[in-house]
Amino acid sequence: MAIRIFIDEQEVKAEPGESVLMVARRAGFDIPALCYHEAVESIGACRLCLVEVRSGARPGISTSCNMKAEDGLRISTDSPEIRRDRATNLELLLLRAPGSPVLRELAARWGVRPRLQPPPDAGIANCILCELCVRVCAALGHNALAAVGRGEKKRVGPAFGKPAEGCVGCGACLSVCPTRCIVMKDTPAARTIWGQSFEFHRCQVCGQPVITEKHRAFAIAKRGLPEDYYDVCEPCKQSQASQRFASVVW
Ligand code: FES
């Protein structure tokens with residue numbers, strides 16, 4: 001059964017189980033969200049996706065990424081209270097990651113000037129501890145990352161500070177990191193990430209890296225792929241397909 005919610009007085013349709021953020025974004029509303037990814041469960045860590053709930057038993061300001069759309073829900077995406085709370089939350093994120101371009105850009109857009117100085121060791125990695133990398137890594141079945149430590153000492157990375165056995169060097173953690181604070185280096189020979197080095201499996205046609213050897217072995221075993229699945233890179237596969245097509249046509 002389709003659900004109707006009202007966002008800034010505009011009626012919007014939603015499917016059961018969808019989050020308010022997902023529905024609002026699809027309808028074109030601009031809600032900032034740094035720790036959200038539709039492929040993994042939301043934990044409401046960055047607290048930037050605030051909306052104001054104007055109906056039901058629990059009105060008030062809440063994160064929208066982990067709020068389910070319910071029939072008849074009325075929310076507002078912009079009000080002086082939302083702007084004030086978002087700005088405060090952004091200031092707190094800036095204390096952790098003062099060098100993050102995405103946070104600086106939001107601060108400039110919203111006119112936020114941090115009133116507090118970051119502690120001396122803050123922002124070294126520009127990590128906002130949203131744990132999106134941890135959640136994505138777990139969803140992919142690698143479970144290589146964790147949030148370790150408490151309070152100011154809390155960090156994200158391989159558990160116990162040792163190279164993570166489960167890491168296959170896929171780089172998914174970096175691709176979802178909102179502050180791009182994860183360091184990954186590719187050379188012609190190998191990829192380095194989280195203190196480990198991974199050899200590349202190369203395209204047998206052009207010699208370009210296709211995937212790390214460890215990621216290849218993981219994917220073949222997990223998805224039951226043929227052994228030669230990664231032997232040719234996508235561009236070469238496409239070019240081979242075009243050549244085959246041309247030979248049939250001509
Ligand atoms: S996106 Fe909702 S709290 Fe970060």
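Me: What area do domain 1 and domain 2 bury between them, and how much of it is on carbon and sulfur atoms?
Reply: In this predicted model, the two domains bury about 780 Å² between them, with 62% of it on carbon and sulfur atoms, where buried area is the accessible area (1.4 Å probe) that two parts lose on being put together, summed over both. Leu34, Val40 and Arg96 supply 46% of the area that domain 1 buries against domain 2, more than any other three residues. Local features need pLDDT of at least 70 and side-chain atom pairs count only at pLDDT 80 or more, while totals for chains, interfaces and linings use all residues. Residues are numbered from 1 along each chain as its sequence is written, and side-chain values use heavy atoms, with hydrogens and water left out.

Me: Why is the pair of Tyr229 and Tyr230 called edge-to-face?
Reply: Rings of Phe, Tyr and Trp (its six-membered ring) pair if their centres lie within 6.5 Å, and planes under 30 degrees apart count as stacked, over 60 as edge-to-face and the rest as tilted. The ring centres of Tyr229 and Tyr230 are 4.9 Å apart and their planes stand at 80 degrees, so the pair is edge-to-face.

Me: What makes Tyr230 count as buried, and why is Tyr229 called partly exposed?
Reply: Buried means under 20% relative accessible area, exposed over 50%, and partly exposed in between (1.4 Å probe, protein chains only). Tyr230 has 11% relative accessibility and therefore counts as buried, whereas Tyr229, with a relative accessible area of 32%, is partly exposed.
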